[in-house]
Amino acid sequence: MWEKWIKKLVSMYVARGTVKMKAEHINSFYTAIQEVFKLMLDLEVEKGNLKVIEDMVSSREANVLLGITGDLQGTVLFAFGGEMALEMVKIMSGMEMKEIDNFVSSALGEVANIIGGNAVTNLTSHNYTCDITPPQIFIGEYKSLSMANKRALQIPLKTKIGEFDINIFLAEK
């Protein structure tokens, strides 16, 4: 059902000239998120309403940026609330963390890296050859990332331990 909905919505944005991404770009990441969260955290992920954003500005505390290279080029921003980030690390490591430190940042970067790796693997079934750059972690709210005036798609996501966003900007080379 998600795939039909995203395909229809992305087609509408493309028809309006709002974005140039394809449904398979978005679906590859959403599928990877569902798989990784289930496997590593035993969590189901529910989607919110996809929307077009002008700038990649995160209002969440823990942010991980991945670059995409190859047939598709762009960026993917994972934005987690602080409490969710700490709970994710607790589930993965069994350790209670009080603040977002280097260990927590590294763990979040690794989760995003695994999701990104799975997503670019998913893209191969659509005849795209892509790679990811090492994750960059930004701690703190309202970090703005320049995208050279390109629009991105934001997908709000929800789990039983909190909500997070994924902002995706991809363009064909």
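**Close-up views: an aromatic cluster and a helix residue**

**View 1. Phe164, a buried residue.** Phe164 counts as buried because its relative accessibility is 1% (buried: under 20% relative accessible area; exposed: over 50%; partly exposed in between; 1.4 Å probe, protein chains only). The model is predicted: local features need pLDDT of at least 70, side-chain atom pairs count only at pLDDT 80 or more, and totals for chains, interfaces and linings use all residues. Residues are numbered from 1 along each chain as its sequence is written, and side-chain values use heavy atoms, with hydrogens and water left out.

View 2. The whole structure holds 2 aromatic pairs (Phe, Tyr or Trp rings, the six-membered ring for Trp, with centres within 6.5 Å; planes under 30 degrees apart are stacked, over 60 edge-to-face, the rest tilted). Phe37 sits in helix α2 (residues 23-41) and Phe164 in strand β10 (residues 162-172), 127 residues apart (helices, H or I, at least four residues, and strands, E, at least two, are DSSP runs numbered from the N terminus). Both residues are buried.

**View 3. Phe80 and Phe164, a stacked pair.** Here the rings are 5.1 Å centre to centre, with 25° between the planes. Phe80 belongs to strand β5 (residues 72-80), 84 residues from Phe164 in strand β10. Phe80 is buried, at 1% relative accessibility. Phe37, Phe80 and Phe164 make one aromatic cluster.

**View 4. Glu83, an exposed residue in helix α3.** The helix spans residues 82-93. Glu83 counts as exposed because its relative accessibility is 66%. Its C-alpha is 9.5 Å from that of Ala62, 21 residues away in sequence.
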